[in-house]
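We will go from stop to stop, selecting residues along the way.

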Amino acid sequence: MVCVCVTVRGVNYTFMREAVEAPVMAYYDYIIIGGGTAGCPLAATLSERYRVLLLERGGSPYDDARVLNMTHFADVLADTSGASPSQRFVSEDGVINARPRVLGGGSCINAGFFTRAGPGYVRALGWDPKEVVSAYQWVEDVVAFQPELGPWQAALRRGLLEIGVVPDNGFTYDHILGTKVGGSIFDAQGRRHTAADLLRYSRPDGIDVFLRARVARIVFSRKGEAMSRII
C-alpha cells in the first residue's frame, strides 16, 4: 500500500466569509445560489465586470484536510455528521448516495476524473468551439493534472488495448475513441484541486462568498438596478 502524505495549505480568499458576518442588506448585479462545479467558475467570470454574491450552504474545503488529501477520500464519504462535506441521502430508487455540502461541490467528494466533452456534444448545444476550448484551458490550468498510473490502472489500460480498444491515445484531455489516460483533479502529491480553486480568477472587489448561508429573502429591483439580498 502506498501512503501519500500531503501538507494542506489553506486558501485565504479575502472575499470569503461566514454568512453570519454578512451585512443586513447589500446590493449585487448577480446572485448565485450554490458554490459547486458550476457556481464557482460562473461567479469568478461574472465578477470581472459585475458585483456578484455567491451563497454556499456548506463550509470551505480549505478548512477540512480530509477533502484535499487523496488518502482520506473514503473518510469524507463515510462521515455522516451534520458538519460533513458530504450529505448522505437515499435516491428514489432506494440507492444510498452522497451529495456535496461544501464550497466546490461534487469536485470535493467525487473520484476526480477529468475529460473534455466530445466535439459532437459542443456542436449540438450550439456553442462556439473556440470559446469552449478557451474555457477548458482556463479550468485545466488550475484543477487538471496528468495522473501517475497505479498497478491496477496500468493493467486495465493494457487489457483494453489487448482486446482491441484502439488506438492508443496516451494521455489526453480530449474525448476521443480508443484507449486513453484522462486527467485527474489530484496532483502528483495527492492533493485534490476543486472548483473552489477557480475562485482565484475572481476580481476581489467584485465578489462576496458567504459560507453556511441560509437565504431568508431576495429583493429584485423594478428598474434594472442592482439586486438586494437579506440573510
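Begin with the salt bridges (a side-chain nitrogen of Lys or Arg within 4 Å of a carboxyl oxygen of Asp or Glu): the structure holds 8 of them. This is a predicted model, where local features need pLDDT of at least 70, side-chain atom pairs count only at pLDDT 80 or more, and totals for chains, interfaces and linings use all residues. Residues are numbered from 1 along each chain as its sequence is written, and side-chain values use heavy atoms, leaving out hydrogens and water.

Select Asp 208 and Arg 17 first: they form a salt bridge, with the closest N and O atoms 3.6 Å apart. Asp 208 sits in strand E11 (residues 207–211) and Arg 17 in strand E1 (residues 16–18), so this pair links distant parts of the chain, 191 residues apart. Strands (E, at least two residues) and helices (H or I, at least four) are DSSP runs, numbered from the N terminus. Asp 208 is buried at 12% relative accessibility, while Arg 17 is partly exposed at 29%; buried means under 20% relative accessible area, exposed over 50%, and partly exposed in between (1.4 Å probe, protein chains only).

Next, pick Glu 140 and Arg 116, whose closest N and O atoms are 2.8 Å apart in another salt bridge. Glu 140 lies in helix H5 (residues 129–143) and Arg 116 in the loop between strand E7 (113–114) and helix H4 (119–125), so the pair ties together parts 24 residues apart in sequence. Both Glu 140 and Arg 116 are buried.

Finish at Trp 152 in helix H6 (residues 151–162), which is exposed, with a relative accessible area of 61%.
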